[in-house]
Amino acid sequence: MEKRVLGKSALPVSPIALGAWAIGGWMWGGSDKRDSIRAIHACLGHGITSIDTAPIYGFGHSEEVVGEAIKGKRDKYEILTKAGMRWEGTRGEYYFTTNDNSGIQRDIYKYSGRDSLIAECEESLKRLGTDYIDLYQIHWPDTTTPIEEAMEAFRILLEQGKIRAAGVSNYSVEQMEKAAAVVELSSNQVPFSMVRRDIERDVQPWCLENNCGILAYSPLQRGLLTGKITPDYPFAPGDSRPETPHFKVNNLIHTNKFLEKIRPMAEEKGASLSQLVIAWTLRQPGITVALVGARTEQQVVQNAGAMDIDLSDDEVNRINRKLEKLQLDLH
Ligand SMILES: NC(=O)c1ccc[n+]([C@@H]2O[C@H](COP(=O)([O-])OP(=O)(O)OC[C@H]3O[C@@H](n4cnc5c(N)ncnc54)[C@H](OP(=O)(O)O)[C@@H]3O)[C@@H](O)[C@H]2O)c1
């Protein structure tokens, strides 16, 4: 599958990007560095050139691992990272309190002040071992700072060549409009999967109309849509998934029943369930990139195979009709 261009930017990205949240370990019950580096290396041979990370993923750990993995081959990857979630200081909007990878309690703030974003960019460049970031994104909107101020920082970073494209994440239409008035807004990174489709109401139509790229995050709904998550699945301590609404026992049971209904289609196409789910994601209007997390080389290789699965309109519609019957309790 050919590379796609992100919105109005000149940035080519692979249709599947590797998400490096789990590689940071935090909220995923830890991670294995050697596996992570092998996973990042495996991307290149299988058509995945874009890697998405963030400072908060393991409190710098994910960016450092990505930096180590891309050493000597920086130009072969597009590096997508983020800013605006701080774990030192108390400026901005308090988000939540968590333990970091060493068990130290951290208060997380969403903070997009101009100077803070510029300083964060330097920190990320250092951890990633590079002198430019391909796509820089505000991780979460900060309601205490005007969006115009945050985008002014991105405009400066673009001018300095430290970032190649400016994006946002988890922004509403109103917030995207404000951002796009200050810089050329390349993309919005938002949650989107077969079982999480809220963006279809507003963000997706706006992005289509305004040629703004969409990076669909958690397209496997954090592993649920692989079909492997049963009610007795052995999550590692510190893995946050069992506490999230999609992983409530009834939701697992209903989702797995739905997956069994589409399994024959996957088998007909010689695909795994994960590949069918990712291929469906890539067929949705306005979705530029399916941002799929993986911890191992094996997962990367399997997920990359989704780019070779062609789904006809009829097949997409057949899946959609089955999805319409899936009722989940997400409260
Ligand atoms: N901007 C934001 O606020 C935001 C929020 C969430 C995510 N994201 C981005 O989106 C990326 C992807 O989302 P995600 O990691 O939450 O979820 P995801 O892509 O839906 O699921 C990834 C997880 O599913 C499992 N998995 C992946 N491929 C598999 C395969 N072939 N077979 C079996 N299991 C497989 C792995 O976990 P196990 O092996 O442990 O099961 C993996 O870590 C993140 O890494 C991050 O870059 C951004």
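What follows is a friendly conversation about a predicted model.

Colleague: How should I read the residue numbers and the confidence limits here?

Modeller: Residues are numbered from 1 along each chain as its sequence is written. The model is predicted, so local features need pLDDT of at least 70 and side-chain atom pairs count only at pLDDT 80 or more, while totals for chains, interfaces and linings use all residues.

Colleague: What makes a stretch a helix or a strand, and what makes two strands a pair?

Modeller: Helices (H or I, at least four residues) and strands (E, at least two) are DSSP runs, numbered from the N terminus. Two strands pair if DSSP finds at least two bridges between them.

Colleague: How do you know that β3 and β4 are paired?

Modeller: Strand β3 (residues 16-19) and strand β4 (residues 50-52) are joined by 3 bridges and run parallel. At least two bridges are needed, so β3 and β4, with 3 bridges, count as a pair. Leu18 stands opposite Ile51 in β4.

Colleague: In what order do the 8 strands of the barrel close?

Modeller: The order is β3-β4-β5-β9-β10-β11-β12-β13, and the pairing is parallel. On average, neighbouring strands of this sheet are turned by 30° against each other, direction ignored.

Colleague: Which strands does helix α8 touch?

Modeller: Helix α8 (residues 273-282) packs on the sheet and touches β3, β12 (213-217) and β13. Contact is the term for two residues whose C-beta atoms, placed from the backbone, lie within 7 Å. The direction of α8 makes about 155° with that of β13. Helix α4 (residues 147-159) lies across β9 (133-138) and β10 (163-169), running at about 160° to β10.

Colleague: Why do β6 and β7 count as edge strands?

Modeller: They belong to an open sheet of 3 strands in the order β6-β8-β7, with antiparallel pairing. β6 (85-86) and β7 (93-99) each have a single partner strand, so one side of each is left without a neighbour in the sheet. β6 pairs with strand β8 (residues 105-110) in the antiparallel sense over 2 bridges, and Met85 stands opposite Lys110 in β8.

Colleague: How are α4 and α5 placed relative to each other?

Modeller: The axes of α4 and helix α5 (residues 173-180) come within 8 Å and cross at roughly 45°, and the two helices are therefore oblique to each other. In α4, Ile147, Glu148 and Met151 meet Gln175, Lys178 and Ala179 in α5.

Colleague: Which residues come nearest to the ligand?

Modeller: Of the 27 residues around the ligand, Gly19, Trp21, Leu220, Gly223 and Gly293 come nearest. A residue is near a molecule or strand if its C-beta atom, placed from the backbone, lies within 6 Å of it. β13 (287-293) and α9 (297-304) are the elements that give two or more residues to this shell. By class, the shell has 9 nonpolar, 14 polar and 4 charged residues.

Definitions and conventions. Ala, Val, Leu, Ile, Met, Phe, Trp, Tyr, Cys and Pro count as nonpolar, Asp, Glu, Lys and Arg as charged, and the others, Gly among them, as polar. Axes are lines fitted to C-alpha atoms, for helices over the stretch in contact, and angles run from 0 to 180 degrees between N-to-C directions. Angles under 35 degrees count as roughly parallel, over 145 as roughly antiparallel, 65 to 115 as roughly perpendicular and the rest as oblique.
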